Amino acid sequence: RELQFFQRMKSKGVPLIAAIDGPALGGGLEWALWCDYRICTDNPKTKLGLPEVKLGLLPGFGGTQNLPALVGVQNAMDMMLTGKDIRPN
């Protein structure tokens with residue numbers, strides 16, 4: 001159901017922009033990945049990651065497909081297999 005929401009929003013034909021000022025972890029990062037543009041602040045609290053993999057859960061809203069397209073397969077695999085957070089700077 002949530003995946004359908006993301007797909008429906010994407011199909012509207014309007015640019016989607018994610019403004020990130022703080023943690024974008026798990027579903028928050030996955031929402032940002034569906035957007036056409038992402039803007040991060042350099043706030044010390046801003047971090048991006050998929051921590052659910054530390055619990056043995058795979059990202060469920062398209063993160064495994066969208067992340068490699070944006071950061072490359074090697075960087076995406078590192079984030080998806082280890083649950084490491086990254087910072088914008």
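Biologist: Is Gln7 buried, exposed or partly exposed?
Modeller: Gln7 is partly exposed, with a relative accessible area of 42%. Buried means under 20%, exposed over 50%, and partly exposed in between, with a 1.4 Å probe and protein chains only. This is a predicted model, where local features need pLDDT of at least 70 and side-chain atom pairs count only at pLDDT 80 or more, while totals for chains, interfaces and linings use all residues. Residues are numbered from 1 along each chain as its sequence is written, and side-chain values use heavy atoms, with hydrogens and water left out.

Biologist: Which helix does Gln7 lie in?
Modeller: Gln7 lies in helix H1, residues 2-10. Helices (H or I, at least four residues) and strands (E, at least two) are DSSP runs, numbered from the N terminus. Gln7 and Phe61 are 54 residues apart in sequence, yet 9.9 Å apart in space, C-alpha to C-alpha.

Biologist: What about Lys45, where is its place?
Modeller: Lys45 sits in the loop between E3 and E4. Lys45 is exposed, with a relative accessible area of 61%. From Lys45 to Leu58 there are 13 residues in sequence and 24 Å in space, C-alpha to C-alpha.

Biologist: Which residues is Lys45 in contact with, leaving aside neighbours within four places in sequence?
Modeller: Those are Gly22, Pro23 and Arg87. Contact means heavy atoms within 4.5 Å.

Biologist: And Gly49, buried or exposed?
Modeller: Gly49 is buried, at a relative accessible area of 0%. Gly49 is in strand E4, residues 47-49. Not counting residues up to four places away in sequence, Gly49 touches Ala24, Leu25, Gly26, Leu29, Met79, Lys84 and Asp85. Met80 is 31 residues from Gly49 in sequence and 8.3 Å away in space, C-alpha to C-alpha.

Biologist: New topic. Which residues of H3 are buried?
Modeller: In helix H3 (residues 63-71), Gly63, Asn66 and Leu67 are buried. Seen down the axis of H3, these buried residues fall within an arc of 100°, so they line one face of the helix. The arc is that of the directions from the helix axis to the C-beta atoms.

Biologist: What covers them?
Modeller: The cover includes helix H2 (27-34) and helix H4 (73-82). On the face of H3 turned away from its buried side are the exposed residues Gln65 and Ala69. Just after H3, Gly72 has a positive phi of about 90°.

Biologist: How many disulfides does the structure hold?
Modeller: The structure holds 0 disulfides. A disulfide is taken as a pair of cysteine sulfur atoms within 2.5 Å. Cys35 is in none, as the nearest cysteine sulfur, that of Cys40, is 11 Å away.

Biologist: Are those two cysteines buried, exposed or partly exposed?
Modeller: Cys35 is buried, with a relative accessible area of 4%. Cys40 is partly exposed, with a relative accessible area of 31%.

Biologist: Which residues line the largest pocket?
Modeller: The lining is Ile20, Leu29, Leu33, Arg38, Cys40, Leu48, Leu67, Leu70, Val71, Met79 and Ile86. On a 1 Å grid over the protein atoms alone, a pocket is an open set of points where a 1.4 Å probe fits, with protein on both sides within 12 Å along at least five of seven lines, and lining residues have an atom within 4 Å of a point.

Biologist: Which element gives the largest share of that lining?
Modeller: H3 does, with 3 residues.
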